[in-house]
Each structure stands twice: as structure tokens, then as C-alpha cells.
Amino acid sequence: MDDDKTFKALGDPTRRKLLDLLCEKNGQTLGQLCEHLDMKRQSVTQHIGLLEEANLVSTVKRGREKLHFLNPVPLQMVYERWIRKFEQQRLALLHDLKTELEGETDD
């Protein structure tokens, strides 16, 4: 996995919007995606290209159409590598705080 490409792709609001659209309805054409964005097809194509480079979107040709699909694997890998470990520490601290405030002991 290339973390830099993933983070670069996620760093742009338009690309995050495209991922949201594909999460809502996977397998959309470029035209369907463009309906929700105020930009030219060429610009949307460039954004999708960066998402493909980051392996966040895959495409399948079906006849004359090209369908775009969300690939959640890189997002899960980012979660596992960068978010989960911080989340566990935060939850442990919240548990300790709750225990202290409620006066519970391990005795």
C-alpha cells in the first residue's frame, strides 16, 4: 500500500465527495458521478484517476459504459495503521476515567 497516494487522494474534498457518492451507490458511470458535482467531466476524470492510482476506486467496462466502484481496502489499511492504535489508547483512558469517577475498584 502506498500511504502517500492514499492520503493525497483523501486530502481533496472533491475526491472525498466522489468516494461518498460511490459509498452510497457503487458502480456509477462518470456521467452519474458528474451529476452531483459542479465541474466539467474532464476535471472529474482527473480526480477519479487519482483515486484509481491510490487504489481507492476500480473500474469495470460494461459495454460502452465504464463503471466505478469503491475499493475500501486501502481505507481499512489506513484505519488499521494510523487510527486504530490511537483509538485504543483513547478508549482505555475513557474507561479509566469512568472507573475513577464511579469509584469502582478492582479489589
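Student: How many of the 107 residues of the protein count as buried?

Tutor: Of these 107 residues, 28% count as buried. The model is a predicted one, and buried here means under 20% relative accessible area.

Student: What is the radius of gyration of the protein, and what would a compact globule have?

Tutor: The protein has a radius of gyration of 20 Å, whereas a compact globule of 107 residues would have one near 13 Å. The C-alpha trace spans about 70 × 25 × 25 Å along its principal axes.

Student: Which elements make up the protein, and in what order do they run?

Tutor: There are 5 helices and 2 strands. From the N terminus on, they run α-α-α-α-β-β-α. Among contacts between residues at least 6 apart in sequence, 51% join residues at least 24 apart.

Student: Why is Gln28 called buried?

Tutor: The cut-off for buried is under 20% relative accessible area. Gln28 has 5%, and therefore counts as buried. Gln28 lies in the loop between helix 2 and helix 3. Leaving aside residues up to four places away in sequence, Gln28 touches Leu21, Leu22, Leu33, His36, Lys66, Leu67 and His68.

Student: Is Thr29 buried or exposed, and what makes it so?

Tutor: Thr29 has 14% relative accessibility; the limit is under 20%, so Thr29 counts as buried. Thr29 is in the loop between helix 2 (13–24) and helix 3 (30–34). Its contacts, not counting residues up to four places away in sequence, are Glu65, Lys66, Leu67 and His68.

Student: Which residues line the largest pocket, and which elements give two or more of them?

Tutor: The lining consists of Thr29, Leu30, Arg41, Thr45, Ile48, Glu52, Thr59, Glu65, Lys66 and His68. Two or more residues come from each of helix 4 (41–53) and strand 2 (65–70). Helix 4 gives the most, with 4 residues. The volume of this pocket is about 180 Å³.

Student: How do the lining residues of the largest pocket divide into nonpolar, polar and charged?

Tutor: The lining has 2 nonpolar, 4 polar and 4 charged residues.

Student: Why is Asp96 called partly exposed?

Tutor: Partly exposed lies between the limits for buried, under 20%, and exposed, over 50%. Asp96 has 47% relative accessibility, and therefore counts as partly exposed.

Student: Where is Asp96 found, and how far apart in space are Asp96 and Arg62?

Tutor: Asp96 belongs to helix 5 (residues 73–102). From C-alpha to C-alpha, Asp96 and Arg62 are 54 Å apart, and they are 34 residues apart in sequence.

Note on methods
Residues numbered from 1 in each chain as written. Predicted model: local features only at pLDDT ≥ 70, side-chain atom pairs only at ≥ 80, totals over all residues. Heavy atoms only, no water. Buried < 20%, exposed > 50% of the residue type's maximum accessible area, 1.4 Å probe, protein only. 1 Å grid on protein atoms, 1.4 Å probe; cavity = no way out; pocket = protein on both sides within 12 Å on 5 of 7 lines; lining within 4 Å. Points joined across faces, edges and corners; volume = space filled by probe spheres on them. Nonpolar A, V, L, I, M, F, W, Y, C, P; charged D, E, K, R; others polar. Rg over C-alpha atoms; globule rule 2.2 N^0.38 Å. Contact = heavy atoms within 4.5 Å.
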